[in-house]
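This report describes selected features of one protein model. Please examine the sequence and the structure shown below before reading on.

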Amino acid sequence: MSAPLRAGLIGAGAMGRNHARILGQLDGVDFVAISDPALEAGLFGADVVPDVESLIALGIDYAVVACPTSLHEEVGLALASAGVHALIEKPLASTVEGAARLEKAFGDAGLIGGVGHIERYNPSLQALRAKLEEGELGQIYQVVTRRQGPFPHRIADVGVVKDLATHDIDIASFVTGESYLDISARTVTKSGRPHEDMVAAVGTLSGDIIVSHLVNWLSPMKERCTVITGERGAYVADTLTADLTFHRNATVALDWDALSAFRGVAEGDVTRFAIPKREPLLVEHETFRDAVLGQDTDIVTLAQGRRTVEVAQAMIDSADGGGQRVDLA
């Protein structure tokens with residue numbers, strides 16, 4: 001048996017504490033310490049150190065970066081300079097330029113860098129991607145996502161586009177295997193903060209796919225839904241319940257003249273799939289751990305994370321320009 005990997009955590013806020021919980025139980029990993037100036041006692045067996053330099057000095061193999069987005073670039077570059085692999089929470093950086101610098105630093109150093117787009121590891125989306133790859137939907141026409149809920153008081157340095165819409169940007173590319181060609185968006189700011197609270201965006205993916213995203217933290221209800229419509233029907237992934245449902249196009253003839261005159265599709269069978277439901281954050285950590293060990297795993301790469309920041313910034317630029325289309329090809 002090889003020695004366990006030595007891992008550290010930077011940031012012990014709401015998401016950081018979840019990372020700490022997983023690191024404390026992850027097979028093949030020794031959770032060494034946490035760097036967070038506001039933390040007085042350790043979590044899940046890990047010590048507390050005052051800064052990133054102290055964490056690096058402990059001889060860690062990799063770190064999870066869960067500090068505020070505005071600090072991702074500074075912290076990530078310090079880790080890359082020290083030869084430490086890193087899983088950096090989404091979004092990769094607060095700016096496109098910062099994301100590109102992180103991608104280059106880890107690439108030049110030959111290190112594993114990943115981005116914590118946890119939704120990729122949701123069982124419903126993993127199953128959806130597999131079914132689309134197998135061609136079960138036929139040609140894909142449209143991707144629609146809805147991500148709505150109350151205001152998260154943990155977020156202070158970015159708006160809803162970079163905090164939440166980055167999930168949906170990544171999801172659309174992940175499940176379809178296609179990239180964004182253009183995007184248009186409108187935003188509103190209602191909470192009194194300097195950042196946007198709601199975004200409605202529409203765009204085009206390669207493969208002639210329409211994409212739309214409705215994202216906000218102004219809603220009293222919580223919704224996390226991805227709908228993929230294609231030539232054979234529609235898949236609906238609910239990432240709150242991790243359920244995947246397929247609505248098949250009807251193939252039976254319609255006897256009602258008023259409906260049979262419509263040259264479209266009709267309701268067919270509805271199937272909800274029984275899929276294994278493991279915790280997405282645990283799967284994300286296992287995948288990154290295995291990548292550090294040299295295995296070929298499907299992590300969210302820094303290049304993919306940088307592209308997501310580019311699309312998010314294009315949404316903001318479009319909204320600032322009155323909703324004009326921004327080309328991304």
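## Strand β10 and its partners

Strands β9 (residues 198-205) and β10 are antiparallel and are joined by eight bridges. Here strands (E, at least two residues) and helices (H or I, at least four residues) are DSSP runs, numbered from the N terminus, and two strands pair if DSSP finds at least two bridges between them. Val 199 has Val 215 as its bridge partner in β10. Three residues lie between the strands in the hairpin of β9 and β10, where Gly 207 takes a positive phi near 85 degrees.

Strand β7 (residues 140-148) runs parallel to β10, and seven bridges join the two. Val 144 stands opposite Ser 212 in β10. Strand β10 (residues 209-216) is mostly covered, with six of its eight residues buried. Buried means under 20% relative accessible area, exposed over 50%, and partly exposed in between (1.4 Å probe, protein chains only).

## Basis of the description

This is a predicted model, in which local features need pLDDT of at least 70 and side-chain atom pairs count only at pLDDT 80 or more, while totals for chains, interfaces and linings use all residues. Residues are numbered from 1 along each chain as its sequence is written, and side-chain values use heavy atoms, with hydrogens and water left out.

## Helix α4

Helix α4 (residues 96-109) has 14 residues and reaches 20 Å from its first C-alpha to its last, close to the 20 Å expected at 1.5 Å a residue; the expected span is 1.5 Å times one less than the number of residues. Its buried residues are Val 96, Gly 98, Ala 99, Leu 102 and Phe 106. They lie on the same side of α4 because they cover an arc of only 165 degrees around the axis, the arc being that of the directions from the helix axis to the C-beta atoms.

These buried residues pack against α3 (72-81), β5 (85-89), β6 (113-116) and α9 (302-320). The face turned away from the buried side of α4 carries the exposed residues Lys 104, Gly 107 and Asp 108. Just after α4, Gly 110 takes a positive phi of about 70 degrees.

## Nonpolar cores

A nonpolar core is a set of buried Ala, Val, Leu, Ile, Met, Phe, Trp, Tyr and Cys residues joined through side-chain atoms within 4.5 Å. The largest one has 53 residues, and Ile 10, Tyr 62, Leu 79 and Phe 106 have the most contacts inside it. Helix α8 (residues 280-292) gives the largest share of this core, six residues. Another core, of 39 residues, lies apart from it and includes Ala 172, Val 199, Ala 237 and Ile 316.

Definitions and conventions: Contact means heavy atoms within 4.5 Å.
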